[in-house]
Amino acid sequence: MGSTSGETPCCHIIALPYPGRGHINPMMNLCKLLVSKCSNLNITFIVTEEWFGFIKSTPKPLTITFQTIPNVIPSELIRASIFPEFVKAVYTKMEAPVEELLDQLQLPKVSAIIADTYLPWAVAVGNRRNIPVVSLWTMSPSVYSVFYHFDLLIQNQHFPVDNLAERGDEVVDYIPGISPTRLTDLPTFYSGTGNQVLDKVLEAFICIRKAQCVMFTSFYELERQVIDSLSTIFAFPVYSVGPLIPHNTLDSTPDANLDYFKWLNSQPAKSVLYVSLGSFLSVSREQMDEIIEGIRESGVKYLWVARGDTARIQEACGEMGLVVPWCDQLKVLCHSSVGGFWTHCGWNSTLEGVYAGVPMLTFPIFWDQIPDSKLIVDDWKVGMKVRDVGKEKLVGKKEISAIIQRFMSLDGYESKQMRRNVSELKETCAQALSEGGSSEANLDAFISKYLK
Ligand code: UDP
């Protein structure tokens with residue numbers, strides 16, 4: 001397992017996650033994995049005050065210490081999801097407080113800074129201090145390749161595009177490692193406000209060239225072509241170490257005192273549709289009403305994790321299921337009564353669906369969720385689309401109810417094929433994570449290079 005003896009001098013890592021659930025979770029899981037493998041390792045995990053409030057009670061080893069910096073933007077704006085302003089603040093307001101904190105802490109023997117790729121200034125922080133920077137990309141390597149090769153889109157007149165409604169079916173077949181993709185299936189960098197965000201992201205992909213290595217939360221076998229292609233292009237090593245599942249997450253049985261686990265325990269195998277529209281963005285009220293009606297009409301059992309709207313959804317959606325404000329998603333997905341996952345296709349959720357071997361019903365909303373939906377449905381063939389992003393805006397309840405029934409069927413031809421594929425992918429994922437598997441070997445290689 002690569003543990004080191006107590007006599008080895010301690011080393012230190014600084015973890016700098018982007019302030020968002022889908023970024024903090026994999027960073028924390030990576031840190032837990034690293035300390036479980038290196039007995040001499042201490043980690044300083046730096047988050048904004050607001051995020052510290054959310055995560056301070058997360059169980060973690062004593063060798064991981066939280067440190068905080070001030071919030072980058074008033075918290076009401078974060079909650080209102082004023083995305084471009086938030087991104088701008090993350091890019092411009094975090095660097096100085098992090099520098100100040102590091103000066104105060106005077107940490108001895110820092111072996112590496114592991115920083116989210118969306119914090120481009122972290123590369124400069126590390127370079128100034130002569131500390132290697134590991135750029136952790138918490139989205140799909142396929143999406144990484146799109147941003148990394150953005151100039152190819154411009155050269156091929158696929159960016160900017162004003163009339164995406166007309167040109168959406170044009171095929172992009174020149175991004176290294178990516179299967180042919182319609183313009184509509186690329187991340188949402190075409191929308192008006194998205195462009196400010198895009199400029200910042202492209203800046204990050206320039207800074208990244210000065211990092212010492214890149215770490216992906218994917219696993220090699222899942223995106224072999226794109227990982228191979230990026231590995232030949234980069235001047236630095238690439239480690240694919242995912243999915244980042246903490247060792248102890250699944251050892252413990254689900255807490256039978258929690259109502260939703262009690263309820264899941266009483267349901268037949270593979271009968272429940274687990275529904276999550278993500279922790280950050282949501283759909284319009286009108287679309288939400290159609291989804292609620294569609295799920296009710298489908299007659300399928302459901303467990304729905306919904307922020308805010310819990311009571312309204314429960315009342316409208318009826319007795320066939322349960323609505324909760326939050327759940328332990330990974331354990332829910334691994335529960336034997338869960339037979340399908342309605343997902344917004346956040347990358348962590350996508351990997352968790354693969355890990356648990358649960359077929360996915362995709363309803364992407366924004367950014368990388370759109371290409372993730374394509375990977376799930378078209379490339380891996382382990383899911384169905386509730387809507388084709390390029391075609392229509394609002395999906396009606398009748399369509400929703402029909403696709404849910406087709407998707408949850410245990411004996412339809414299409415659904416059986418999908419279930420077979422996802423079981424195979426689950427097996428491949430388990431092998432990647434097992435001793436000697438690709439993800440385990442990549443993590444060990446990283447440890448040998450940076451932490452010994
Ligand atoms: N999550 C969870 N419980 C919930 C909803 C979400 O544990 O009720 C976790 C989920 O398992 C995943 C993360 O929150 O690890 C969400 O990340 P993802 O990249 O899927 O989506 P985002 O919310 O960042 O769009």
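Q: Why does C334 count as partly exposed in this predicted model?
A: C334 has 18 C-beta neighbours inside 10 Å. Buried needs 20 or more, and exposed needs 12 or fewer. The value for C334 lies in between, so C334 is called partly exposed.

Q: Where does C334 lie?
A: C334 lies in the loop between α15 (329-333) and β13 (338-343). From C334 to I376 is 42 residues in sequence, and 18 Å in space from C-alpha to C-alpha.

Q: Which residues meet where α7 and α11 are in contact?
A: From α7 come P141, S142, Y144 and S145. From α11 come V226, I227, S229 and L230. By class, this contact has five nonpolar, three polar and no charged residues.

Q: How do you know that the radius of gyration of the chain agrees with a compact globule?
A: A compact globule of 452 residues would have a radius of gyration near 22 Å. The chain has 22 Å, so the two agree. The C-alpha atoms fill a box of roughly 60 × 55 × 45 Å along the principal axes.

Q: How many helices and strands does the chain have?
A: The chain has 20 helices and 15 strands. Of its 452 residues, 44% count as buried.

Note on methods: Residues numbered from 1 in each chain as written. Predicted model: local features only at pLDDT ≥ 70, side-chain atom pairs only at ≥ 80, totals over all residues. Helix = DSSP H or I, 4+ residues; strand = E, 2+ residues; numbered from the N terminus. Rg over C-alpha atoms; globule rule 2.2 N^0.38 Å. Contact = placed C-beta atoms within 7 Å. Nonpolar A, V, L, I, M, F, W, Y, C, P; charged D, E, K, R; others polar.
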